[in-house]
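Subject: Structure for your review

Dear colleague,

Please find below the structure for your review. My notes on it follow.

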Amino acid sequence: MNRPAPASPSRLLPLLALAATAILLIPGTAGAAAWDVTRHQGRDYVTAKNIKNFYRFATLGVSNGTIQFRSPKIEMKIRNGSDNLYINRVLFRLSYPVIFKDKNYLFSRIDLAKLIDPVLRPSFIRSGRRFTTVVIDPGHGGADPGSKSIYGKEKEFNLRLGLLLKRDLERRGFRVRMTRDADTFPTLGQRVVFANRVPDSIFISLHFNWFTRRDAKGLETYALSPQGAGTHNDRGPNGRSLRGNSRDSENIALATAVHASILKKTRANDRGIKRDRFTVLAGINKPAILVEGGFLSNPGEARKIASTAYLSLISTGIADACVTYRNALRK
Ligand SMILES: [Zn+2]
């Protein structure tokens, strides 16, 4: 995003609308807000005030170290020094923490261009185009079981969810292709090659999580790390552009729609929309995300994931989000 036109009072934030019917109209103000870019430690930053003016938030306030942007239907907040950004109470992990310098709170330009902008106004995504087909990728399979709970193996839950999702997407008029629909193991490379050949499609990889601490629980949704930024657990930036980086804006918009929709259905703990360079996200030329639908290592969540009722909630959450995402792109 170089020098975008200021946010017009058009449809903003359809991906995260609090109410189902909410279409946000931010009151227009005269005068364009240009971006004031500040260098810090070799990176470009913009001020919170600049963001407030550009997106025409009604107020920007700071209290007890928390920076808060507000409009009637959008609330965006973050603690100074933190990388946990909440937009309408959904958690996003920024590529770089917010900093305070020269009396200004600063957001990295990468986070502005690759997260805040496509999330707040997806209809401005230039590469965004219509899709007819969803490629579902149930993770693992065959000789690769993934993680497991006392109720079964991850590969089985991924496939059960994938088959439910196929049905739910077809009911909503989408075509569906699956990287596997049985207990087989296509390699990660084969999954990418398969998806890249499906025209007019988006890609959703399905997984369940595991951690040594049994109290870890909740939903994580991953989009590819943008070029020049690190992953959620490794801040080292990646200089070279991966194939999936051509869809950076769509990736985060799709992740936002899916993550928010699953949370709404399941009321699961929100572990955030995160960044990584998983093989299936890096090599793909479609909008692509990876969903970690809960922790098989958490006794309560493992029991839920073993039930068709809970998998159906995740499935309808994802399917609804595909509709939301498609409509949000439409100009
Ligand atoms: Zn997995």
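Gln41 lies in the loop between β1 (37–40) and β2 (43–47); helices (H or I, at least four residues) and strands (E, at least two) are DSSP runs, numbered from the N terminus. Residues are numbered from 1 along each chain as its sequence is written. Please note that this is a predicted model, in which local features need pLDDT of at least 70 and side-chain atom pairs count only at pLDDT 80 or more, while totals for chains, interfaces and linings use all residues.

Although Gln41 is not a glycine, its phi is positive, at about 50°. Gln41 counts as exposed because it has 8 C-beta neighbours inside 10 Å. Arg89 is located in the loop between β6 (84–87) and β7 (90–93), and is exposed, with 12 other C-beta atoms within 10 Å.

Strand β14

How many of the nine residues of strand β14 (residues 201–209) are buried? Nine of the nine are, so the strand is largely enclosed by the rest of the structure. Ser201, Phe203, Ser205, His207 and Asn209 point one way from β14, and Ile202, Ile204, Leu206 and Phe208 point the other way. In a regular strand the side chains alternate between the two faces of the sheet.

Strand β14 runs parallel to strand β10 (residues 133–138), to which six bridges join it; strands pair if DSSP finds at least two bridges between them. Phe203 in β14 is the bridge partner of Val135. Strand β17 (residues 288–295) also pairs with β14 in the parallel sense, over six bridges, and there Ile204 stands opposite Ile289.

At least three core residues come from each of domain 1 (14–121) and domain 2 (133–329), with bounds taken from an automatic or database domain assignment.

Beyond its neighbours within four places in sequence, Ile318 is in contact (C-beta atoms, placed from the backbone, within 7 Å) with Leu165, Ile204, Val258, Ser261 and Ile262.

Yours sincerely

Definitions and conventions: Contact = placed C-beta atoms within 7 Å. Buried ≥ 20, exposed ≤ 12 C-beta atoms within 10 Å, placed from the backbone.
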